[in-house]
Amino acid sequence: MHKKLTVLLIASLSIFGLSTIAEAQKCRYDFDEQDPMSDVRIRRMEIKLKSYFIVSYYRKGDDMYRIELNVAFTGERNFIVPEGNIIELKLGNGEILSFPAAQKATPLSYVNVNQVATNYAITHHCNKEQMEMIAQHGFTVVRTKLGDETITMEVKKRKVDDTAEDAACMLTD
């Protein structure tokens, strides 16, 4: 009886291990390369909420996690997003996490077809514990103040689980 139980336990653990590996293989990074200078792995996953509003998870090695925001505005904008500017993510459990900008972000204006547009790329500090919370609950709302506007974007219900799964991918090795 003990042998059957042991075999069943080992089989169950093997299946669990294989399913964990299979889950890890489902991670599709938008960027996954090794830094040629430091030999540290760098990964990024994008969550496109709108064509002009993209939140990304970023990880470099074992100790640098970031939340990135890329926003495109119609028209020319000339404000600078200051270091410390906050982006907030409302998690699926209702908790709100705040992430300060790691550095100032300057505008990049350009002509797109027949109109001027301005992009901002902002990187925000995040720690492993915050990424774990996002992986557990996903996020439902993003809010940030850019220039004189406060932008609030809701995540479609069907994408909330994706935000959690992508964060879980950033935690795998």
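This is a predicted model: local features need pLDDT of at least 70, side-chain atom pairs count only at pLDDT 80 or more; totals for chains, interfaces and linings use all residues.
Residues are numbered from 1 along each chain as its sequence is written, and side-chain values use heavy atoms, with hydrogens and water left out.

Thr 144 belongs to strand E9 (residues 139-146). Strand E9 pairs with strand E10 (residues 149-154) in the antiparallel sense over six bridges, where pairing requires that DSSP finds at least two bridges between two strands. The two strands form a hairpin with two residues between them, and Gly 147 in the turn has a positive phi of about 65 degrees.

Thr 144 counts as buried because its relative accessibility is 2%; buried means under 20% relative accessible area, exposed over 50%, and partly exposed in between, with a 1.4 Å probe and protein chains only. Not counting residues up to four places away in sequence, Thr 144 touches residues including Leu 69, Asn 85 and Ile 87, contact being defined as heavy atoms within 4.5 Å. The side chain of Thr 144 also makes a polar contact with the side chain of Asn 85 at 3.5 Å. Such a contact is a pair of N or O atoms within 3.5 Å; within protein, one must be able to donate a hydrogen and the other to accept it, and residues adjacent in sequence count only if both atoms are side-chain atoms.

Leu 69 stands opposite Ile 122 in E8. Strand E4 (residues 64-74) and strand E8 (residues 115-126) run antiparallel and are joined by 10 bridges. Both belong to an open sheet of six strands with the order E1-E2-E3-E4-E8-E7 and antiparallel pairing. Its edge strands are E1 (31-34) and E7 (108-112), each pairing on one side only, and the twist averages 20 degrees from one strand to the next.

| Helix | Strands contacted | Angle |
|---|---|---|
| H2 (residues 128-137) | E3 (53-60), E4, E8 | about 65 degrees with E4 |

Angles run from 0 to 180 degrees between N-to-C directions, with axes fitted to C-alpha atoms, for helices over the stretch in contact. The buried residues of H3 include Val 160, Thr 163, Ala 167 and Met 170. The buried residues of this helix pack against E2, E3, E4, H2 and E9.

Note on methods: Helices (H or I, at least four residues) and strands (E, at least two) are DSSP runs, numbered from the N terminus.
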